[in-house]
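Visitor: Could you take me through this model, one contact at a time?
Guide: Gladly; please have the sequence and the coordinates open while we talk.

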Amino acid sequence: MKSNGFRKFVVLAVLACLALVSTNVGAQTFPAKGKALTMLVGFAAGGSSDAGARILAGGMEKVLGTKVEVVNKAGASGQIAYTMIAQAKPDGYTFGLASLPGIMVSIMDPERKAAYKKDDFQPLALQVVDAGVLAVRADSPYKTVKDLVDDAKARPRKITVSTTGLQTGDHFSILQLEQYTGTKYAIVHFDGASTAMTALLGKKIDAYSGNIGDVLSQLKSGEIRVLGVMDKEESPFLPGVKTFEAQGIPLLGGSWRGYLAPAGTPIAIANILSDAMKKALELDDVKASMAKLGLQIRYMDVAGYSSIWNQYGTLVKDLIPLSRQ
Amino acid sequence: MRKTSMIAGALSAIFSIIILAASLSMEYYSSIGPGPGFFTFWLSLILGLLSIGWIFQEFRRKPKEGEEKKTLFPRGKSLVHELEILGAMIFMALFMDILGFQISMFLFLVFLLLILGKVNKVTTLVISLIGSVGLFYIFTGWLDVQLPNSSLAFLSVIGF
Amino acid sequence: MDAFQNILMGFSVALSPANLLYAFLGSAFGTLIGVLPGIGPAAGTALLIPLTARLPPTGAIIMLTAIFYGTQYGGTITSVLLNVPGEAASAITCIDGYKMAKKGRAGSALSIAAIGSFIGGTFATIALIFLAGPLTKVALEFGPVEFFSLMVLGLSLLMGLAGKSMLKALMMGVFGLLLAMIGMDPVRGSPRFTFGRMELMDGLNFVPVIMGLFGLAEILENAEETLSNTTSAKVGSLVPSRQEVKDSVGPIARGSLLGTLLGLIPGMTGSMASFLSYSMEKKISRHPERFGEGAIEGVAGPETANNAHANGALIPLFTLGIPASPTVAVLMGAFLMNGLIPGPFLFREQPQLVWGVIASFFIGNIMLLILNLPLIGIWVKMLKIPYTILFAIILTFMVIGAYGVDNSAFDVIIMIIFGFLGYVLKKFDFPIAPIILTLILGPNMERSLRRAMEMSQGDFSILFASPLSAALLIVSVIILITSSLRSVATSRRQKA
């Protein structure tokens, strides 16, 4: 009968060892063999943000030799997932997709009541710049950005422009356009690219503010015309479309999609993840898949993305109160 | 049931008043259209009026045969059954993330089958194992649906 | 090349052994996904995309579209047999379908649902082939203004769902609208009634709510007796009676038309289509009191509309390159991953693929019918499981289903709350259907109105500026007036 006490001891010892094992993670062996990485994506499966993330996850699996699981936690424009990233264990096994300006707006706008701050995150890498565009129907009288702006000056708040959501990158682009040119538009917020594009094609709204990926299909079928792209360079996906800068308006807009880990993740591990992403983006099939979706690869490492991350707030600070009018 | 209905109507009216009060703190009308508080205000007002209407309706009608004997919730064993089901569901909601799907679902099924369903022990065990561990592997392994692992490290390490 | 020649070419592609296999696999998977809780059509389609990566583009698209419209079939099964909606659009089928199952007409309900779905899907596909152009123009006519008016029309049909007490139905309708207000408001994007919970920022998740109101409430009610005394729904004949078939013809025809039209409009979901079909059938019916007690029309119409919607939603993808619903958006992602940009030019660039896929819609719908009809016998056998075990299985699936929507235990709590609420509401004789109708239509209505105001910068006359919108609003008012008059007359007659 003495075996009862002994048995208890053995069980406790085994449990203690398991507990120790599960908490021991060293940067030297990151990622540990067989332990999967979790990539949190705050957007619905099948959308362009999610698609880009999954392509990267696939590439990272090849580079690192471990499974990278994409977990979708859509909702509240990504806020739910962002909260989870900020609160995850900072051991490098959990990180997630972040979309600028969206995430910065949720941090800075008190009405969004975000449960995280800028410093709750460790930036890892930038993946995609999905530049903003302004598009009109093919039969529209506007041939250049100037045509649209001139008409807006003549008829303030009469030209309807769609966005894919309140306080999205497209919304902020139009607010910036208003600031730079001193014009005012009737801004109409839809929920997503398809309802907004339908409204454009159905002649319900005059102009469409969105990302490159949104307009590829209709551009190809000749139903729309892109007036300008809001990037430093012209886009390979939009031949012949000038930048806004080239048309006299220094407007840069769109979604910048990168990855964040929770603050406190050791820099050595952050660099390993970032480097894996870089290598993944250099793989041929990753490059090809991204191109098919109209996603422009722009990689920045931990240092580069961190500096963008820290400065982005000043870019949107003034626009937030404007977006609430 | 008439009295119970009238009490329910009163609760509904109180609910409407609370919502109405909350609406007042929201913007009623924005620069170009109804604000967030607009519809909530009118809808809660209408609900409140309808609730009062319901109270009156119950007050003025004649009770149906045998109605005065009926209670809202059943008594005795039936009530216990219902509470057991609700309790089990609440257990799942609260503990699924802590204990992990497999363990909590196993306990859940054992409880429901053995205690509530009065099913024999062998069948209970088989169904509970399939329903917990089996379903876990089917959903997470084949179907890529995420079911929670335990948040307690020592459990998740051994696969739960 | 005229349409017939194209379709013949399409069939030659679709009937190849490989493509037939893909269509079959897709249909089977789709049905399975529809039956299983926790995986909605969007998620299910998304998770199978990687599998199709290794297939040739035509095969991949065939399989994925088959999964897509296949899920509509599966969702019906759990609604009818267990009163648990397999997915959102099948929720309305619970109301009359489950009642039919209780009366031993489960086989009949499932058969009619399968046949109706087949007819609806085929109708939408024919519409795609011959009427794609004009139908797309119709779809484009629906902007925020027309959407709002359409929602108002939908709500006016609510009066028809009233049943015995107009007062109680109105209370439920208003309550549903208030529930629809939970989440980020469309004006400011600030949280409204979220109690600080992030999970509510996007509003209540529809599936846990209806699982609670229907499934859990039902189980709680059954728990009042000893569980071994509850019989599972009876297994009657599997074949519909002649009367049932006769009664279904109208609803199926109307459901096909309604579903296809609504599928065309981006933003219109399958749930809206099935609910509007239900409301319409009840309004038109000569015996509206049969609804809610096991009227076959309440199954035939919505299920047909559901499937017609799923197939109809594919039309804008081909003609405009626009996905009309989140699930179709996932499909679109699949197109893009295969290097194909969907849109009208695809007809010129890849006619074989496009027409092959379209032809496979016919084949897929036939396969689903062939797959599902015999299976009905097997599904219905499930009812023979003693309720003492069945109830636990149902609860398990409900937990997984509620959790799986957003990978959150919070949704399980929502389901429990609404289960309790549904149970209590039944005790007081409140109809549940109005809550669901307003919960579905409410958010869209508020958002559309907001957009209309943004377009007109505050001018309400925009709602009447468009003839379509004005017409919809006028019809709504007419329906409201006639419904009120009818209910006043009925209550007068009752008092007399």
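**Helices, interfaces and domains**

Visitor: Which residues of helix 8 of chain C meet helix 19 of chain C?
Guide: In this predicted model, the partners on the side of helix 19 of chain C are C:P434, C:I435, C:I436, C:L437, C:T438, C:L439, C:G442 and C:P443. On the side of helix 8 of chain C, the residues that meet them are C:A169, C:M172, C:G173, C:F175, C:G176, C:L177, C:L179 and C:A180.

Visitor: How many nonpolar residues belong to the contact of helix 8 with helix 19 of chain C?
Guide: The contact of these two helices holds no charged residues and four polar ones. Since Gly counts as polar here, C:G173, C:G176 and C:G442 of this contact fall into the polar class. The nonpolar residues of the contact number 12.

Visitor: At what angle do the axes of helix 8 and helix 19 of chain C cross?
Guide: Two packed helices are described by the distance between their axes and by the angle between them. For helix 8 (residues 166-180) and helix 19 of chain C, the axes come within 7 Å, and the crossing is right-handed. The angle at which the axes cross is roughly 35°.

Visitor: Which helix of chain C gives the most residues to the side that touches chain A?
Guide: The contact takes 40 residues from chain C and 40 residues from chain A. On the side of chain C, helix 3 (41-52), helix 14 (326-337) and helix 19 (433-456) are the elements that give two or more residues, and the residues of this side divide into 23 nonpolar, 10 polar and seven charged. With six residues, the element that gives the most is helix 14 of chain C.

Visitor: Which helix supplies the largest share of the side of chain B that touches chain C?
Guide: Here 48 residues of chain B are in contact with 45 residues of chain C. At least two residues each come from helix 1 (2-24), helix 2 (36-60), helix 3 (77-116) and helix 4 (121-142) of chain B, and this side of chain B consists of 29 nonpolar, 14 polar and five charged residues. The largest share, 16 residues, comes from helix 3 of chain B.

Visitor: How many Å separate the domain centres of chain B?
Guide: Chain B is divided into domain 1, which covers 2-69, and domain 2, which covers 77-157. Taken over C-alpha atoms, the centres of these two domains of chain B are separated by 39 Å.

Visitor: Which helix gives the largest share of the side of domain 1 of chain A that touches domain 2?
Guide: The domain assignment of chain A gives domain 1 as 34-130 + 254-323 and domain 2 as 131-247, with C-alpha centres 26 Å apart. The contact takes 17 residues from domain 1 and 18 residues from domain 2, and helix 4 (102-108), strand 4 (121-137), strand 9 (254-262) and helix 12 (319-323) each supply at least two residues of the domain 1 side. That side divides into eight nonpolar, eight polar and one charged. Its largest share, three residues, comes from helix 12 of chain A.

Visitor: What percentage of the residues of chain A count as buried?
Guide: Chain A has 12 helices and 10 strands, and its C-alpha atoms fill a box of roughly 95 × 45 × 35 Å along the principal axes. A residue is buried if 20 or more other C-beta atoms lie within 10 Å of its own. By that criterion, of the 325 residues of chain A, the share that counts as buried is 53%.

Terms used. Residues are numbered from 1 along each chain as its sequence is written. Chains are lettered from A and ligands numbered from 1 in the order in which they are written. This is a predicted model: local features need pLDDT of at least 70, side-chain atom pairs count only at pLDDT 80 or more; totals for chains, interfaces and linings use all residues. Domain bounds come from an automatic or database domain assignment. Two residues are in contact if their C-beta atoms, placed from the backbone, lie within 7 Å. Helices (H or I, at least four residues) and strands (E, at least two) are DSSP runs, numbered from the N terminus. A residue is buried if 20 or more other C-beta atoms lie within 10 Å of its own, exposed if 12 or fewer, and partly exposed in between; C-beta atoms are placed from the backbone. Axes are lines fitted to C-alpha atoms, for helices over the stretch in contact, and angles run from 0 to 180 degrees between N-to-C directions. A crossing is left-handed if the near helix is turned anticlockwise from the far one by less than a right angle, and right-handed if clockwise.
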